[in-house]
Amino acid sequence: MRYFRIFLIHFHRVIENRSRSVIWTLLSVFNPLIFLCYWVAVYKSSGSMVGGWSLSEVTSYYLLLTFGGSFLIAHIEESVAIEDIYEGGLVKYILRPFSYFWDLYFGELGWRLFQGAIGIMIFILFSIFFQSLTTIVSSPLLIFLTIISVILAYTLSFLFKMLLGFSAFWLTEFRGIQSTAEIIILIFAGFVVPLQFLPSMLQQASFILPFAYMVYYPILALQGKLDIVQILRLLAIQLLWISFFACMYRLMWNRGIKIFTGVGQ
Amino acid sequence: MSVISISHLSRHYQIHKKEPGFIGSLKSLFARKYEMVKAVDDISFSIDEGEVIGFIGPNGAGKTTTLKCLSGLLYPTSGKLSVIGFTPFDRKHSFLKQISLVMGQKNQLWWDLPAMDTFLLNKEIYQIPTKRFTEVVEDLSVRLSVKDILHVPVRKLSLGQRMKMELIAALLHSPRVLFLDEPTIGLDVVMQKTIRDFLKEYNETYNATIILTSHYMGDVEALCKRVVVINFGHILYDGLLSDLVKEHAPYKIIKVIFSEKVEEGKLSEYGETKSFVFPEWEVRIKHKDANDAAARILKHLPVEDITIENPQIEDVIAGFFLANKKEGK
């Protein structure tokens with residue numbers, strides 16, 4: 001209950017800053033829509049199927065990516081690295097009898113839910129006008145499992161971004177590693193093209209990296225492209241990655257906090 | 001009974017040193033030079049419950065580092081620390097619920113929301129019962145005269161109002177130990193006095209132990225009987241502020257306004273002239289001779305007004321640091 005009340009207080013802040021959420025969501029809508037225009041042109045010239053995907057599947061994929069970009073991917077690495085570690089803002093968190101991780105987790109969850117809701121509304125609006133171009137999971141059991149995979153995907157991306165931010169304990173220049181991570185996520189999470197369209201070597205790499213389990217597979221599940229076994233496999237892999245990142249989190253936090261000097265405070 | 005005890009505390013930092021310019025950068029690329037900085041070096045002292053201690057020293061003396069070690073922010077290089085029976089760096093929740101650190105230059109308030117929202121977050125974080133929370137917010141906001149602005153976004157408040165809200169946020173859980181790092185920095189004199197009066201009242205009401213660092217000697221003078229003076233990571237003095245003043249400023253200042261012209265040469269027999277611009281004269285006289293000298297001045301000189309003052313505490317402390325620097329301490 002205490003955690004829920006803390007989440008509600010954070011969420012109140014998100015609502016107060018709703019214009020910021022709308023702008024960020026519109027930005028995350030922009031990229032998939034450009035890709036969508038490109039694919040519509042490809043389908044017009046190539047026929048009804050490309051790489052085993054129909055036009056409605058590709059359309060749904062990119063529309064759901066707007067939700068993926070706004071809900072599934074946490075955007076905390078910059079504030080962790082710059083505001084909290086470089087500028088010393090971490091001081092206020094570590095002197096509170098509450099975990100830094102959960103404080104940020106619930107704070108970020110508020111933003112993601114609000115922006116994700118806008119993403120969903122865009123999808124629903126599009127579905128109303130272009131019903132034949134959208135497909136989505138319909139079985140209640142699959143919906144339930146997909147929701148779990150979406151929550152795990154958010155947790156996975158949150159943990160990864162935390163670790164990325166923690167690199168600032170040791171690095172004096174964080175922007176380089178942040179930009180590199182952004183490009184890697186863009187490709188391997190499926191933001192550019194569905195991973196099935198990537199060259200086989202990159203496809204193989206995407207299976208062993210965690211990024212596809214943050215966005216690509218949860219979106220396939222939302223589309224109804226995964227059966228129950230595939231979703232269960234997805235959940236298992238997500239849990240494995242979360243466990244690994246949780247261990248890394250503890251290790252990096254325990255070491256980093258010992259060299260943190262609270263500069264700027 | 002000691003609430004805080006520090007035994008041989010040291011905190012050293014390794015810093016990277018680089019020669020200026022491109023060549024320096026190239027050299028640093030292949031052979032980095034590091035230097036060890038001893039921010040705090042082997043200091044020991046203890047503080048009793050309810051005491052208010054002034055922790056003073058110039059910039060870079062080691063005050064904030066000590067405060068950070070005591071509050072559990074920094075891991076000490078060596079030494080033993082105990083604050084209300086806890087080792088600070090363990091940062092146990094039961095420890096954090098009994099302390100608070102206020103830094104004048106940084107804030108914990110949400111900039112875009114009213115201070116009350118941060119208070120509500122702290123209520124949940126510190127698990128303060130609703131009744132207690134309401135009472136404390138009421139009490140503190142009345143004492144600090146901010147009741148009517150609790151629901152105004154923080155960004156709309158003045159610096160002084162923000163500082164008051166920071167104090168409320170830091171005191172909601174009624175901490176037993178309060179670390180204050182420059183709490184009045186940047187505030188005008190009226191606001192400085194308000195904050196000092198409030199802290200004094202808080203200490204008396206809640207018997208809270210307070211460690212205060214400040215460059216404004218007014219803060220220290222108003223709040224602290226005992227001071228710990230630190231420089232270059234070492235403790236130079238630990239004792240009563242009044243003793244420090246007596247020891248390092250064994251004189252008083254007599255200020256005179258003359259009613260008619262006086263020969264400057266005649267003034268030297270009364271003491272060491274600090275300044276003389278007719279009609280004002282300031283003379284420095286030994287503590288024990290001050291009353292006698294004042295009587296003689298009144299008898300022999302054309303005096304319109306006379307006052308006897310203690311030297312400014314800033315001057316005493318500055319003199320103390322200077323003396324220690326000369327002695328190479």
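# Briefing on the two-chain model

B:E182 sits in the loop between strand 6 and helix 7 of chain B; helices (H or I, at least four residues) and strands (E, at least two) are DSSP runs, numbered from the N terminus. B:E182 has a positive phi of about 50° although it is not a glycine. This is a predicted model, in which local features need pLDDT of at least 70, side-chain atom pairs count only at pLDDT 80 or more, and totals for chains, interfaces and linings use all residues. Residues are numbered from 1 along each chain as its sequence is written, while chains are lettered from A and ligands numbered from 1 in the order in which they are written.

**Confidence**

- The model scores ipTM 0.80 and pTM 0.81.
- Chain A has a mean pLDDT of 87, with 99% of its residues at 70 or more; pLDDT is the predictor's confidence in each residue, from 0 to 100.
- Within chain A, strand 1 (residues 49-50) has the lowest confidence, a mean of 76, and helix 11 (residues 228-259) the highest, at 95.
- In chain B the average pLDDT is 86, and 98% of the residues score at least 70.

**Chain B overall**

- Chain B contains 11 helices and 13 strands.
- Its C-alpha trace spans about 70 × 60 × 45 Å along the principal axes.
- Of the 329 residues in chain B, 36% are buried; a residue is buried if 20 or more other C-beta atoms lie within 10 Å of its own, exposed if 12 or fewer, and partly exposed in between, with C-beta atoms placed from the backbone.
- Domain 1 of chain B takes in 2-11 + 46-245, and domain 2 takes in 250-309; such bounds come from an automatic or database domain assignment.
- The C-alpha centres of these two domains of chain B are 42 Å apart.
- Taking contacts in chain B between residues at least 6 apart in sequence, 71% join residues at least 24 apart; two residues are in contact if their C-beta atoms, placed from the backbone, lie within 7 Å.

**Where the chains meet**

- Chain B puts 24 residues into the contact and chain A puts in 19 residues.
- On the chain B side, helix 2 (63-71), helix 3 (93-96), strand 5 (99-103) and helix 4 each supply at least two residues.
- Helix 4 of chain B gives the most to that side, with five residues.
- The chain B side comprises 13 nonpolar, four polar and seven charged residues; Ala, Val, Leu, Ile, Met, Phe, Trp, Tyr, Cys and Pro count as nonpolar, Asp, Glu, Lys and Arg as charged, and the others, Gly among them, as polar.

**Helix 1 of chain A**

- The 15 residues of helix 1 (residues 2-16) of chain A should span 21 Å at 1.5 Å a residue, and the 22 Å between its end C-alpha atoms agrees; the expected span is 1.5 Å times one less than the number of residues.
- Its buried residues are A:I6, A:I9 and A:H10.
- They cover an arc of only 90° around the axis, which puts them on the same side of helix 1 of chain A; the arc is that of the directions from the helix axis to the C-beta atoms.
- The face turned away from the buried side of helix 1 of chain A carries the exposed residues A:F4 and A:I15.
- The cover over the buried residues of helix 1 of chain A includes helix 6 (100-129) of chain A and helix 4 (115-125) of chain B.
- A:L104 lies in helix 6 of chain A and is buried, with 21 other C-beta atoms within 10 Å.

**Helix 7 of chain B**

- Helix 7 (residues 189-206) of chain B has 18 residues and should span 26 Å at 1.5 Å a residue; its end C-alpha atoms are 26 Å apart, which agrees.
- The buried residues of this helix are B:Q192, B:I195, B:R196, B:L199 and B:Y202.
- An arc of only 125° around the axis covers them, which puts them on the same side of helix 7 of chain B.
- The exposed residues B:V190, B:E201, B:E204 and B:T205 are on the face of helix 7 of chain B turned away from its buried side.
- Helix 6 (159-171), strand 7 (209-213) and helix 8 (217-223) of chain B are included in what covers the buried residues of helix 7 of chain B.

**Backbone points to check in chain B**

- Most residues other than glycine have a negative phi, and most peptide bonds are trans.
- B:E182 is partly exposed, with 18 other C-beta atoms within 10 Å.
- B:S174, in the loop between helix 6 and strand 6 (177-181) of chain B, has a positive phi of about 50° although it is not a glycine.
- The peptide bond from B:F278 to B:P279 is cis, with omega near 10°.
- B:P279 is in the loop between strand 11 (272-277) and strand 12 (280-286) of chain B.
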